[in-house]
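Subject: The structure I promised you

Hi,

Here's the structure I said I'd pass on. Have it open while you read, and I'll walk you through what turned up.

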Amino acid sequence: MDGIADMGGSQGWGGASVPTADEPPFAEPWEGRAFALTLLTMGRISGQNLDAFRHALERLSPDDYMEDGYYGRWLNAAELMLLDSVILAPGAVNARVHRNQGEQVEEPAAPEPRKPDYKATAAGSLRTVEAEPRFAVGDRVRAKDISPEGHTRLVGYLRGRRGVIRRILPAALLPDSHAHFRGEDAQHVYSVGFDSQEVWGPDAEPFRLSADLFESYLEADS
Amino acid sequence: MTTSAPNSDRLSPALRTEALEQLLTERGLVDPAVMDKFISTYENDVGPLNGAKVVAKAWTDPEYKQRLLDEGTAAIKELGFSGPQGEHIVVLENTAAVHNVVVCTLCSCYPWPVLGLPPSWYKDPAYRSRMVREPRIVLAEMGLELGEDVDVAVWDSSSEVRYLVLPERPAGTEDHAESDLAALVTRDAMVGVAKVGT
């Protein structure tokens with residue numbers, strides 16, 4: 001989907017942060033708790049479906065995506081997945097926050113879960129695909145100029161752009177269907193090289209840009 | 001596609017994390033001891049020191065370096081490093097002529113088994129948005145000025161493949177032991193936003 005998470009090439013974010021040495025993984029203890037809670041939450045819904053998690057992230061409101069920091073964003077997406085599968089009732093988390101602060105707030109009853117009837121065929125994302133790869137190293141391709149309603153890893157800034165197959169990567173399940181618990185549709189994946197001036201125009205900095213694109217994102221560029 | 005706003009009341013994420021942990025623990029859906037273990041793993045065991053060992057070995061063992069560039073995942077596993085976010089790792093060699101740098105524009109995909117969890121600058125929207133558009137300017141802002149004769153190669157981690165940069169070995173380290181070399185290698189150099197200094 002064309003959402004807030006698809007940041008490649010967007011402007012107005014200001015300068016890059018200068019790295020500091022020995023930054024800890026979690027700036028505050030709650031960040032570690034949110035990290036671990038999110039990982040465990042994914043496993044309670046329908047296997048460790050990372051694509052469903054990424055789709056939850058991209059569906060967050062701009063405030064929920066930006067305002068609570070990186071692990072706050074994870075927490076919000078984990079809660080969204082729990083709401084989607086009716087493991088949590090709407091408002092349950094915030095009601096508990098208020099109760100923990102001594103307020104007399106009624107908490108919603110735990111609902112009857114409706115988890116997706118779905119199971120991945122194996123752990124992880126790598127899969128075997130019997131069909132030969134449609135493209136070979138050196139083939140000229142074009143990223144399709146499409147705008148899917150649901151989840152996709154076809155980044156917006158490359159849609160419609162011409163590139164060259166640089167490397168054939170291991171086949172993997174397709175995030176676009178897996179994220180929605182609709183099946184794996186495993187495909188070949190390619191590292192596709194693009195020229196920066198093909199993507200951003202003749203005045204762009206010259207550099208080589210590579211992205212990993214699933215076979216169904218690509219068409220031959222004849 | 002509608003968006004959703006679980007935190008529309010804008011309560012503190014620290015308080016909301018505590019509340020969610022309580023709710024899921026009471027329902028038997030999470031075990032706080034398992035959470036402690038996840039946190040401890042990434043605070044103490046899995047971090048850029050792993051990647052630094054891989055790099056130092058590649059600098060001192062040409063056959064290992066070749067295996068690392070040919071089959072990154074297997075060569076990294078030789079040193080005992082594997083796990084989540086490391087299903088297939090591709091290693092990119094930086095040279096005097098080519099400088100590789102890695103980004104994830106869609107989220108913050110990062111090779112956990114060798115680098116641990118990503119630092120704040122990697123997750124920053126400015127890095128995610130601009131590294132695929134004006135990498136030399138971004139790198140200069142981060143403290144790395146590259147000569148005009150260096151080719152810049154930017155890798156957007158848009159699938160489950162993860163990328164690790166093999167930095168250039170700094171001059172003057174010919175006599176260093178592998179463990180001394182590993183101590184020089186930084187997280188920033190293994191993503192490609194810095195060089196290794198001495």
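The lining of the second largest pocket is made of 13 nonpolar, six polar and six charged residues. Keep in mind that this is a predicted model, so everything below is computed from it. That pocket holds about 500 Å³ of space. It has 25 lining residues, and those closest to its centre are Asp22(A), Gly47(B), Pro48(B), Leu49(B) and Arg187(B).

Now for the largest pocket. Its volume is about 960 Å³, and 45 residues line it. To find the middle, go to Met42(A), Gln48(A), Leu50(A), Pro84(B) and Gln85(B), which lie nearest the centre of the largest pocket. Four helices each supply at least two residues of this lining: H1 (29–46), H2 (50–59) and H4 (69–84) of chain A, plus H2 (32–45) of chain B. Which helix gives the most to the lining of the largest pocket? That's H2(A), with six residues. By class, the largest pocket is lined by 21 nonpolar, 14 polar and ten charged residues.

How many cavities of 30 Å³ or more does a search of the whole structure find? It finds four. The largest cavity has a volume of about 80 Å³. Sorted by class, the residues lining the largest cavity are seven nonpolar, three polar and two charged.

The second largest cavity comes in at about 60 Å³. From chain A its lining takes Asp51(A), Arg54(A), Ser125(A), Arg153(A), Ala172(A), Leu173(A), Pro175(A) and Phe214(A), and from chain B it takes Ser158(B), Ser159(B) and Glu160(B). The classes here are four nonpolar, three polar and four charged.

Next, how the helices pack. Two packed helices are described by the angle between their axes and the distance between those axes, so you'll see both values for each pair below.

Start inside chain B, with H3 (residues 48–60) and H4 (residues 62–70). Their axes come within 5 Å and cross at roughly 125°. That angle makes H3(B) oblique to H4(B), and the crossing is left-handed. On the H3(B) side the contact uses Val54(B), Lys57(B), Ala58(B) and Thr60(B), which meet Pro62(B), Tyr64(B), Lys65(B) and Leu68(B) of H4(B). Where H3(B) and H4(B) touch, there are five nonpolar, one polar and two charged residues.

The other two pairs run between the chains, and H1 of chain B takes part in each. One partner is H5 (residues 92–100) of chain A: its axis and that of H1 (residues 13–26) of chain B come within 8 Å and cross at roughly 105°. Because of that angle, H5(A) counts as roughly perpendicular to H1(B). From H5(A), the contact involves Ala92(A), Val93(A), Asn94(A), Arg96(A), Val97(A) and Asn100(A), while H1(B) brings Leu15(B), Arg16(B), Glu18(B), Ala19(B), Leu20(B), Gln22(B), Leu23(B) and Glu26(B). By class, the contact between H5(A) and H1(B) has seven nonpolar, three polar and four charged residues.

The other partner is H4(A), which packs against H1(B) at an angle of about 35°, with the axes 10 Å apart. This crossing is left-handed. Here Gly72(A), Leu75(A), Asn76(A), Glu79(A) and Leu82(A) of H4(A) meet Pro13(B), Arg16(B), Thr17(B), Leu20(B) and Leu24(B) of H1(B). The contact between H4(A) and H1(B) has five nonpolar, three polar and two charged residues. If you click on Arg16(B) and Leu20(B), you'll find them listed in the contact with H5(A) and also in the contact with H4(A).

Last, a quick overview of chain A. It has seven helices and five strands, in the order α-α-α-α-α-β-β-α-β-α-β-β along the sequence. Its C-alpha trace spans about 65 × 45 × 35 Å along the principal axes.

Cheers

Technical notes:
Residues numbered from 1 in each chain as written. Chains lettered and ligands numbered in written order. Predicted model: local features only at pLDDT ≥ 70, side-chain atom pairs only at ≥ 80, totals over all residues. Heavy atoms only, no water. Axes fitted to C-alpha atoms, helices over the stretch in contact; angles between N-to-C directions. Parallel < 35°, antiparallel > 145°, perpendicular 65-115°, else oblique. Left-handed = near helix turned anticlockwise from the far one by under 90°. Contact = heavy atoms within 4.5 Å. Nonpolar A, V, L, I, M, F, W, Y, C, P; charged D, E, K, R; others polar. 1 Å grid on protein atoms, 1.4 Å probe; cavity = no way out; pocket = protein on both sides within 12 Å on 5 of 7 lines; lining within 4 Å. Points joined across faces, edges and corners; volume = space filled by probe spheres on them.
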